Amino acid sequence: MHHPSRSGEPVTASISRGTASMTDPVRSLAARYYTDPAVFEAEMGGLLSRTWQFACHASALRNGGDYVTFEIAGESLFAIKGRDGVIRTFYNVCQHRAHQLVSGTGTKRLLVCPYHSWTYELTGELRSGPNIGVVEGFDRSKVCLTEVRTEVFLGLVFVNLDPKASPMDDWFPGVQDELRTWVPDWERLQPIRWIEIPESCNWKVSVENYSECYHCSLNHPTFATGVVKAETYDIQPQGYCLRHTTECQNLDDMTYQIDRSRAHAEEYSSWFLWPAFSFQAYPGNVLNTYHWRPLDVDRVVVWRGWYAVDGEESDVILDLARQDRETTVEEDVHLVESVQRGLRSRGYAPGPLVIDPKCGVNSEHSVMHLQRWMREAVDV
Ligand code: FES
Ligand SMILES: [Fe+2]
């Protein structure tokens, strides 16, 4: 696995001083990466099947037997808490003749297949099945549900369909430790709102838009003048994380009270985890998340998650969620949908990225890193 350094990689010869512009600037990714269904298929079978994908918040799996079903890369899966307190994830398929095992969410004492009632332990082992004792050579201990790599990261459950995947701490070095200091209440948080935002664009258009703030001052007046100091915004790779940092604006005019005695209480920060998830900490140590669920080559659903201590509804957080939905999110939907239409235009050829060697808010170096990962995912 390849880890870009925190300080960024050499930003290609084209921008280093002294090479009298004989090299071309780094160009944005070819349009077909965003419009060709074959690229999307390759990503589903490849990238999305070997990277860490968000499943659910661990608070949805409070007691032994609690389970949640979900889909990753076209596969039906379920996460379930064992009586030993461990959260495991399995493909949602019976090892007899392939019937689906569970649906929706709920609690199970044992996993009983609806087809012929083969019965599995919460750990995936086959416990019993009608009349299986008559089968010569049938070794019950050899039948087990197919398990999927599962990690709980800051109280959120992530899965990876690649059995050999590196742990999340290798992909995203230092991120979990940072998040624990920015979000000191993380163990008590529960989601209080999920906001679903369908976008008519390729998932990568949406992720790229999220990962640069070159468009912020023009398009996000509330965010750029009321939340962050846009001129201090920067984004740097940290392994396969893109780390956003900025100073905040107008803390005296904040619409909500924050406890300034806590570390990082006056900061805005975000951690985008390649390829489709992001943690954000707002002033006051307020955690919120983004995740992207690609539907097809030109449709994605973005989910915003908002969390509160012990899941207690809070006007502060609900107001933030509403303001964010009505301003930044709404503004971005129009941008990304226009870009998707443009990518289909015969009149478009990929333009140069604006890469400032000093980085900063008006630089697209973060898009360059992302597009390198996007290319790697499809071209290998
Ligand atoms: S397919 Fe599940 S018991 Fe037969
Ligand atoms: Fe934006």
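**Contacts, core, domains and strands**

Author: Start with Ala79. Leaving out residues up to four places away in sequence, Ala79 touches Ala55, Cys56, Leu61, Tyr67, Val68, Ile87, Thr89, Thr150 and Val157. Keep in mind that this is a predicted model.

Reader: What makes Val157 a residue that Ala79 touches?

Author: A contact needs C-beta atoms within 7 Å. Val157 is listed among the residues that Ala79 touches, so the C-beta atoms of this pair lie within 7 Å.

Reader: Which residues of the largest nonpolar core touch the most other members?

Author: Ala79, Phe158, Cys241 and Leu273 do, in a core of 94 residues.

Reader: Why is this core said to lie between domain 1 and domain 2?

Author: Because both domains give residues to it. Domain 1 covers 23-49 + 167-379, and domain 2 covers 53-160.

Reader: How far apart are the centres of domain 1 and domain 2?

Author: The separation is 32 Å, taken over C-alpha atoms. The domains do meet: 17 residues of domain 1 are in contact with 12 residues of domain 2. On the domain 1 side, α4 (175-182), β11 (189-199) and β15 (277-282) each supply at least two residues. The largest share, three residues, comes from β11.

Reader: How do the residues on that side of domain 1 divide into nonpolar, polar and charged?

Author: There are 12 nonpolar, four polar and one charged.

Reader: Now helix α2. Which of its residues are buried?

Author: In α2 (residues 37-45), they are Val39, Phe40 and Glu43. Buried calls for 20 or more other C-beta atoms within 10 Å. Val39, Phe40 and Glu43 are classed as buried, so each of them reaches that count.

Reader: Why are the buried residues of α2 said to line one face of the helix?

Author: Seen down the axis, they fall within an arc of 100 degrees, so they line one face. They pack against α1 (32-35), β16 (286-296) and α9 (365-379). The face turned away from the buried side carries the exposed residues Pro37 and Ala38.

Reader: How do you know that β7 and β8 pair?

Author: Pairing needs at least two bridges. Strand β7 (residues 119-120) and β8 have two bridges, in the antiparallel sense, so they pass. Thr119 has Ser128 in β8 as its bridge partner. The sheet is open, with three strands in the order β6-β7-β8.

Reader: What makes β6 and β8 edge strands?

Author: β6 (111-112) and β8 (126-128) each pair on one side only.

Key. Residues numbered from 1 in each chain as written. Chains lettered and ligands numbered in written order. Predicted model: local features only at pLDDT ≥ 70, side-chain atom pairs only at ≥ 80, totals over all residues. Helix = DSSP H or I, 4+ residues; strand = E, 2+ residues; numbered from the N terminus. Domains from an automatic or database assignment. Contact = placed C-beta atoms within 7 Å. Nonpolar A, V, L, I, M, F, W, Y, C, P; charged D, E, K, R; others polar. Core = buried A, V, L, I, M, F, W, Y, C linked by C-beta atoms within 7 Å. Buried ≥ 20, exposed ≤ 12 C-beta atoms within 10 Å, placed from the backbone. Arc of directions from axis to C-beta.
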